[in-house]
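Hi everyone, thanks for coming. Today I'd like to walk you through a few helices, one at a time. Please have the picture open while I talk.

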Amino acid sequence: MSGTEGQDRHPLFLPLVVAGGLVFGFGLGLSHMARPEVVLNFLQFEDFGLLFVLGTGSVVAGTAFAIGVNFLDKAPLTGRPYARRLKSFDRNVLTGGVIFGVGWGVSGICPGAAYASLGIGNYPILLAIGGMFLGAYAQGLWRTYRSEDNATAAANAD
Amino acid sequence: MEPLVTFGELFPHGIWRYAIGGALIGLGTAAIYLGTAIPAGASTFFESTLSYVSDVPRFNRAKYVMSRDWRVAFTLSIVAGAAIYALAFGDFGWTTSVSWWRLLGGGLLVGVGTRIGKGCTSGHGICGVGSVAPTSLVNVATFLAVAIVTAQVMQALGVTP
């Protein structure tokens, strides 16, 4: 990841991240996704407007991905080659999707929307953000212990 | 002949605030991507920020340590961007009436799920769907379906809100 760290970093790197984050957060506020009630209304089929958030968001971002991958060489601020966001598929993608879905259905909030929710002054959302940190921490610990168990089992195997 | 459902029933608040808000979310993602080639999702922030306070090697992998400062900046900018929206539109100070245990418990599961599933609503939903990535399409279809069932079961059980 050359060009994203320390002195190598282009002077416009952080300003661009900040500008992008401001627009991203403004959009989350305007879309009302920062309100758990609006997400729950969508999931309960009372207002389908959220489909347009996912729709226009992924089309606009997708256009940028397509332009970068097909017509551009390397990113000006990092020197990284443009690539699609591709993650390998395994059972975890389904397991994670199910757990995330239960959590989103219970709370009506997801990570980006939770940050934006704090921005509109909805301080009770700190409970959700705290929960997300705890969940990510617990998952990391569990993965660590599980891989240590596997390593021990492999070392003990003939 | 009367239509089975009217536009107003499907979209009681119209579509423009959703469509324009979504387009801005996409625009912020697009700007960062075109400048840096980084598909910025919101939830890697948890692991990368945990690397500041935890010695667990998993949180201290290079990809988290190298990105943790700009991910903090990205997250604080999302908070600030939403604050600018709220102040500009007279929407600041609204608070949710969703119960504390739903926020905390749901947030906990969201935190576990996004890390197991390699992404969240912005990583898989905006960047992954925008990349027409099969893994992300499967993940989004899964969490959408499960979330719909979960929310409707909670509603049927009389949990409001």
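Predicted model: local features only at pLDDT ≥ 70, side-chain atom pairs only at ≥ 80, totals over all residues.

The buried residues in H5(A) include A:Pro111, A:Tyr115 and A:Leu118. Glycines are on that list too, among them A:Gly112 and A:Gly119. Just after H5(A) comes A:Gly121, with a positive phi of about 95°.

Now look at helix H4 of chain A, residues 91–107. How far apart are its end C-alpha atoms? They are 24 Å apart, and this agrees with expectation, because 17 residues at 1.5 Å a residue should span 24 Å. As for burial, 13 of the 17 residues of H4(A) are buried, so H4(A) too is largely enclosed by the rest of the structure. Following H4(A) is A:Gly108, and its phi is positive, near 75°.

Let's move over to chain B. Helix H7, residues 123–130, is mostly covered, with 8 of its 8 residues buried. Among them are B:His124, B:Ile126, B:Cys127 and B:Val129. So, a question for you: which helices do the buried residues of H7(B) pack against? One is helix H3 (50–71) of chain A, and the others are helix H2 (16–36) and helix H8 (134–156) of chain B. After H7(B) you'll find B:Val132, which has a positive phi near 50°.

Conventions
Residues numbered from 1 in each chain as written. Chains lettered and ligands numbered in written order. Helix = DSSP H or I, 4+ residues; strand = E, 2+ residues; numbered from the N terminus. Expected span 1.5 Å × (residues − 1). Buried ≥ 20, exposed ≤ 12 C-beta atoms within 10 Å, placed from the backbone. Contact = placed C-beta atoms within 7 Å.
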